[in-house]
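This briefing goes through one structure by topic, for a reader who has the coordinates open alongside. Please keep the view at hand while going through the points below.

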Amino acid sequence: MTADPPLVLDVDGTLTRPDAWGIDPRIFDPIREWDGPIVIATGKAFPYPIALCHFAGIPELVVAENGGVVYTGDDVFVTADRAAARAVAEAYRDAGYSLGWGDEDTVNRWRETEVAVSRDQPLEPLREIAADHGLEVVDTGYAYHVKDTTPNKGDGVVRIAEHVGFDPGDAVAVGDSVNDVSTFSVVGRSFAVANADDDAKDAADEVLEDAHADGTLAVLERVRGS
Ligand SMILES: O=C(O)COP(=O)(O)O
Ligand SMILES: [Mg+2]
């Protein structure tokens, strides 16, 4: 029997339910049964994809914080400094704005490099303050991410592939937004779900007819054993 190709899966917009918030439960069985490495590559803080791997019952291979934190299964690499992003958050608050996640802020609580801001907060002042600190703001459609311009998901995927021992060119990636473009550029086959933003659609080898997890499930069905 042929092994399944390595997979690189984004989370929000890609493993999520087409009609509601949260992971689509239909993805759990196919990824648990997948006969090849699976990298979860997300903009979320490190504990979120780790928990996803844990509860899905798959090895922990994780790119978190858009490449700011990379876990090869043996080593954690923190590839950006949190100080500048924290300084941006402080200046944004000093200017009278809020990160938008409430007092305990579980979105940023465990972040090690970036800061995420709710999309209901004003973007322009955030962009200006970030630029003053030499940082960029990436809009994933789920949050504004204030980050160092250097780390990205694709570099994290390459680092994990080297460690695990697969060729990124053999990997299949599915994603939905601009933060997946770097992933698409390092894998052999890339798919944007139908709900993807224009950057992801332009960068993908193929734009799927189906949205969210429906699209991802269709890809898994198609590439299994290939
Ligand atoms: O954290 C986000 O804003 C988006 O997360 P994702 O990269 O898993 O889609
Ligand atoms: Mg996404």
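Glutamate 65 counts as buried because 33 C-beta neighbours lie inside 10 Å, and it is one of the residues taken up under backbone geometry below. The model is a predicted one, and the chain it describes has eight helices and eleven strands. UniProt, in an unreviewed entry, lists Asp10, Asp12, Asp176 and Asp180 under "binding site".

**Backbone geometry**

- Glutamate 65 is placed in the loop between strand 3 (62-64) and strand 4 (69-71), and its phi is positive, at about 50°, although the residue is not a glycine.
- Aspartate 105 also has a positive phi, near 45°, and is a residue other than glycine; this aspartate sits in the loop between helix 3 (82-94) and strand 6 (115-117).
- Aspartate 105 counts as partly exposed, since 16 C-beta neighbours lie inside 10 Å, whereas glutamate 65, with 33 such neighbours, counts as buried.
- As background to both cases, most residues other than glycine have a negative phi.

**Overall form of the chain**

- Taken along the principal axes, the box filled by the C-alpha atoms of the chain is roughly 60 × 35 × 30 Å.
- Of the 226 residues of the chain, 46% count as buried.

**Two domains**

- The domain assignment divides the chain into domain 1 (7-78 + 151-223) and domain 2 (82-147), and the C-alpha centres of these two domains lie 24 Å apart.
- Contacts between the domains involve 15 residues of domain 1 and twelve residues of domain 2; on the side of domain 1 that touches domain 2, the residues divide into six nonpolar, six polar and three charged.

**The annotated aspartates**

- The positions Asp10, Asp12, Asp176 and Asp180 that the unreviewed UniProt entry lists for "binding site" span 171 residues in sequence, yet no two of their C-alpha atoms are more than 10.9 Å apart, so they gather at one spot.
- Asp10 is also covered by the annotation "active site" in the unreviewed UniProt entry; aspartate 10 is placed in the loop between strand 1 and helix 1, and it counts as buried because 28 C-beta neighbours lie inside 10 Å.
- Not counting residues up to four places away in sequence, aspartate 10 touches Ala41, Thr42, Val174, Gly175, Asp176 and Asp180, and two of the annotated positions, Asp176 and Asp180, are therefore among its contacts.
- Aspartate 12 is found in the loop between strand 1 (7-9) and helix 1 (28-32), and it is buried, with 21 other C-beta atoms within 10 Å.
- Aspartate 176 lies in the loop between strand 9 (172-175) and helix 6 (181-186), and it counts as buried, with 31 C-beta neighbours inside 10 Å.
- Leaving aside neighbours within four places in sequence, the contacts of aspartate 176 include Asp10, Gly13, Thr14, Ala192 and Asn195.

**Tyrosine 142 and aspartate 12**

- Beyond its neighbours within four places in sequence, aspartate 12 is in contact with Thr140 and Tyr142.
- Tyrosine 142 and aspartate 12 are 130 residues apart in sequence, while their C-alpha atoms are 7.4 Å apart in space.
- Tyrosine 142 is found in the loop between strand 7 (136-139) and strand 8 (144-147), and this tyrosine is buried, with 20 other C-beta atoms within 10 Å.

**The surroundings of ligand 1**

- Ligand 1 is surrounded by Asp10, Val11, Asp12, Gly13, Thr42, Gly43, Lys44, Thr140, Tyr142, Ala143, Ser177 and Asn179.
- Sorted by class, the shell around ligand 1 has three nonpolar, six polar and three charged residues.
- Both domain 1 (7-78 + 151-223) and domain 2 (82-147) give residues to the shell around ligand 1, so the ligand lies between them.

Methods. Residues are numbered from 1 along each chain as its sequence is written. Chains are lettered from A and ligands numbered from 1 in the order in which they are written. This is a predicted model: local features need pLDDT of at least 70, side-chain atom pairs count only at pLDDT 80 or more; totals for chains, interfaces and linings use all residues. UniProt positions are given in the numbering used here, feature names are shortened, and annotations may be inferred rather than shown by experiment. Helices (H or I, at least four residues) and strands (E, at least two) are DSSP runs, numbered from the N terminus. A residue is buried if 20 or more other C-beta atoms lie within 10 Å of its own, exposed if 12 or fewer, and partly exposed in between; C-beta atoms are placed from the backbone. Two residues are in contact if their C-beta atoms, placed from the backbone, lie within 7 Å. A residue is near a molecule or strand if its C-beta atom, placed from the backbone, lies within 6 Å of it. Ala, Val, Leu, Ile, Met, Phe, Trp, Tyr, Cys and Pro count as nonpolar, Asp, Glu, Lys and Arg as charged, and the others, Gly among them, as polar. Domain bounds come from an automatic or database domain assignment.
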